[in-house]
Amino acid sequence: MDDSPDACDHADRDNNINSINNSTCSTSTSSGYRLFDRQTTIHQLMGGGKAADVLLWKRRRISFGIIVVATVAWLIFERSGLSFLTVCSDVLLFLIVLRFLHVNYASLRNKQIQTLPELVLSEEMVNYAASSFRIKVNYLLLMAHDITLGKDFKLFFMVVGFLWLLSVLGNLISFFTFTYIGTILAVTLPALYNRYDEQVDRCVGTIHRSFSKHYKIVDENVMNRIPRAVVPKEKPM
């Protein structure tokens with residue numbers, strides 16, 4: 001009976017230690033590395049619209065349908081030996097002839113013809129698309145400007161490595177196969193990351209820290225010794 005208060009004190013102390021450890025672990029996890037430096041959910045990061053629902057497999061039928069259509073199109077283009085222009089022309093020809101026969105058959109039988117929905121681009125939609133395209137093009141031009149002037153060596157090596165990888169893939173696979181693989185990855189990777197985001201962030205964070213450490217050493221010993229290009233200032237008129 002005399003040992004019960006001590007046992008309770010030890011139990012309370014262990015519980016406090018465990019709670020402190022759990023709070024520390026949760027804080028370190030929440031403040032750890034996150035892919036794309038995201039501060040919101042993956043669904044919100046991808047726009048939170050219908051496209052995000054499809055890519056995250058919240059609309060399973062549409063997501064699965066995209067994979068099926070992409071696979072059938074890849075088999076048609078790669079295995080049949082037909083060119084892209086031939087397949088598109090045959091498909092459009094079939095649809096136009098089918099629609100023409102259907103309309104004339106309905107008129108002969110005095111049936112009501114189903115009207116097709118009008119496809120009209122609104123001025124607001126065109127302006128939004130043009131504005132988004134302009135912003136992205138200006139961003140790419142700014143990146144190219146910094147690369148050519150040698151302002152950002154890290155960006156330079158990233159672009160060189162990416163273009164070299166595309167060149168290697170272009171020699172190994174065709175354009176349609178590359179597009180098919182990109183489509184499958186675009187539909188599957190976001191959903192997998194949404195499910196295993198903690199494990200992916202942990203692994204990518206470890207790789208990122210290791211890469212940053214080695215890049216810092218290279219930058220201090222090599223990059224800083226390379227003379228940078230001096231951009232002449234424009235004289236005021």
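## Helix contact

In this predicted model, Ser63, Ile66, Ile67, Ala70, Thr71, Trp74, Phe77 and Glu78 of helix H4 meet Phe176, Thr177, Tyr180, Thr183, Ile184, Val187 and Thr188 of helix H8, where contact means heavy atoms within 4.5 Å. These residues comprise nine nonpolar, five polar and one charged (Ala, Val, Leu, Ile, Met, Phe, Trp, Tyr, Cys and Pro count as nonpolar, Asp, Glu, Lys and Arg as charged, the others, Gly among them, as polar).

The axes of H4 (residues 60-79) and H8 (residues 175-195) come within 10 Å and cross at roughly 170°; axes are lines fitted to C-alpha atoms, for helices over the stretch in contact, with angles from 0 to 180 degrees between N-to-C directions. H4 and H8 are therefore roughly antiparallel, a term for angles over 145 degrees. Helices are DSSP runs (H or I, at least four residues) numbered from the N terminus.

## Second largest pocket

Lys154, Met158, Val204, Ile207, His208 and Phe211 line the second largest pocket. A pocket is an open set of points on a 1 Å grid over the protein atoms alone where a 1.4 Å probe fits, with protein on both sides within 12 Å along at least five of seven lines; lining residues have an atom within 4 Å of a point. Helices H7 (153-172) and H9 (197-221) each give two or more residues to this lining, and H9 supplies the largest share, four residues. By class, the lining has four nonpolar, one polar and one charged residues.

## Confidence and conventions

The chain has a mean pLDDT of 76, with 78% of residues at 70 or more; pLDDT is the predictor's confidence in each residue, from 0 to 100. Local features need pLDDT of at least 70, and side-chain atom pairs count only at 80 or more, whereas totals for chains, interfaces and linings use all residues. Residues are numbered from 1 along each chain as its sequence is written, and side-chain values use heavy atoms, leaving out hydrogens and water.

Technical notes. Parallel < 35°, antiparallel > 145°, perpendicular 65-115°, else oblique.
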